[in-house]
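Work through the exercises below with the model open. Each task is followed by a stepwise solution.

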Amino acid sequence: MHSGDEKKVVAILAVPRLYALDVSIPAYVFGRHPGYRVLVCGDSSDESSQVVAADIRPTYSLSDMEGADIVVIPGYENPDEPIPASYVDALRDAVERGARIVAVCTGVFALAASGTLDGRTATTHWQFTELLRKMHPGVDVVENQLFIEDGAILTSAGASAGMDVCLHVVRTDFGIAAADGMAKEVVSSPVRGANEPQYVDALTPARADLRATREWVISNLGSPITVQRMADHSLLSRRTFIRRFARETGMPPMHWVASQRIIGARRLLEDSDWSVERIAGATGFGTASNFRNLFRREVGVTPSAYRTSYRSDRRPSVGAGARGAVQPGDGPFRAGGEPAQ
């Protein structure tokens, strides 16, 4: 369902004790894109929610969530303490009617309290995974992953992972180019995937950072890429390279290369008039037939169908005209005290 002007409605749930940063990030990302209308919703009968954090206050009621396509649950302090039942009931209703749910950091605890996460996979900030597992044993808790997508429910780690999951939603709704444009505007990397780790256990010397090799791969997707070529570029042995690459990206090297080829192909389908054959060659898929088969397997639609849906000249553009879409409250957004991630 959408607003009257066909924008997707994003309801940010202003739970008590919330981290202000977890409100400002989705409000900015979604509010800057003209395809969304952002509401900050809360229980007007709960006096404790009138000013939830850093001058942020709900300007819409919980009943306004009933028309939302996307519901965002910010992280909040002391997740072991219950939030008001009215919020839990509103979340349960949103899940049951099929809204997409985005729980940032400890926001997952509010969702778990509704019982809708039982039997599902979820994550949260690494400091709270054990508490989530203890309080809600029916949830399959995954540690040290940026975000998890289980059907229409997305759960993420802390603030920067909240940025990643919001950009993922934009990419799903409006395509790679739209998400890239927003990532560039907020000076965020457009390539972090769900499987990347939240943290690395051990510090490594600067030369162990494989960013330069990853950038080299992205610049040469049309060339034959092998693990050995990547290891040679990084000046590491094959075994050491594989271990460090998996630690930095959360996936094996060739799995990551395949994902980058799909991303590159999606960008070209959205923003160029190139033929399928030319895109297949430029992104390393070889033949058009191989490209069509792999693209459909990974994305779920044919390249032609994807181009029709996400063509850049058919999408609303990101720009200053979207500023009026955000209605977060009377005061400015300021960072809260969320654990860093």
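**Exercise 1.** Are Phe 241 and Phe 245 buried or exposed? Then describe the ring pair that Phe 241 and Phe 245 form.

*Solution.* The model is predicted.
- Step 1. Both Phe 241 and Phe 245 are buried.
- Step 2. A pair of aromatic rings is described by the distance of the centres and the angle of the planes.
- Step 3. For Phe 241 and Phe 245 the centres are 5.4 Å apart and the planes make 45 degrees. The pair is tilted.
- Step 4. Phe 241 and Phe 245 are about one helical turn apart, because they lie four residues apart in helix α9 (residues 238-249).

**Exercise 2.** Classify the aromatic pair formed by Phe 291 and Phe 295.

*Solution.*
- Step 1. The ring centres of Phe 291 and Phe 295 are 5.5 Å apart, with 65 degrees between the planes.
- Step 2. Planes over 60 degrees apart count as edge-to-face. The pair of Phe 291 and Phe 295 is edge-to-face.
- Step 3. Phe 291 and Phe 295 are four residues apart in helix α12, so about one helical turn separates them.
- Step 4. Phe 291 has 0% relative accessibility and therefore counts as buried. Phe 295 also has 0% relative accessibility, so Phe 295 counts as buried.
- Step 5. Widen the view. Ring pairs join Phe 291 and Phe 295 with Phe 285, Tyr 306 and Tyr 310 in a cluster. The whole structure holds eight aromatic pairs.

**Exercise 3.** How do the axes of helix α10 and helix α12 cross, and which residues make the contact?

*Solution.*
- Step 1. Two packed helices are described by the angle between their axes and the distance between the axes.
- Step 2. The axes of α10 (residues 253-271) and α12 (residues 288-299) come within 11 Å. They cross at roughly 100 degrees.
- Step 3. The two helices, α10 and α12, are therefore roughly perpendicular to each other.
- Step 4. From α10, the contact uses Ile 262, Ala 265, Arg 266 and Leu 269. From α12, it uses Phe 291, Leu 294, Phe 295, Glu 298 and Val 299.
- Step 5. Sort the contact residues of α10 and α12: seven are nonpolar, none is polar and two are charged.

**Exercise 4.** Where does Cys 105 lie, and how far is Cys 105 from Thr 129 in space?

*Solution.*
- Step 1. Cys 105 is in the loop between β5 (100-104) and α3 (107-113).
- Step 2. Cys 105 counts as buried because its relative accessibility is 0%.
- Step 3. C-alpha to C-alpha, Cys 105 and Thr 129 are 9.9 Å apart in space. In sequence, Cys 105 and Thr 129 are 24 residues apart.

**Exercise 5.** Which ring does the charged end of Arg 278 sit over?

*Solution.* The ring belongs to Trp 274, and the charged end of Arg 278 is 3.7 Å from its centre.

Definitions and conventions: Residues numbered from 1 in each chain as written. Predicted model: local features only at pLDDT ≥ 70, side-chain atom pairs only at ≥ 80, totals over all residues. Heavy atoms only, no water. Axes fitted to C-alpha atoms, helices over the stretch in contact; angles between N-to-C directions. Parallel < 35°, antiparallel > 145°, perpendicular 65-115°, else oblique. Contact = heavy atoms within 4.5 Å. Nonpolar A, V, L, I, M, F, W, Y, C, P; charged D, E, K, R; others polar. Phe/Tyr/Trp six-rings, centres within 6.5 Å; stacked < 30°, edge-to-face > 60°. Buried < 20%, exposed > 50% of the residue type's maximum accessible area, 1.4 Å probe, protein only. Lys NZ or Arg CZ within 6 Å of the ring centre and 35° of its normal.
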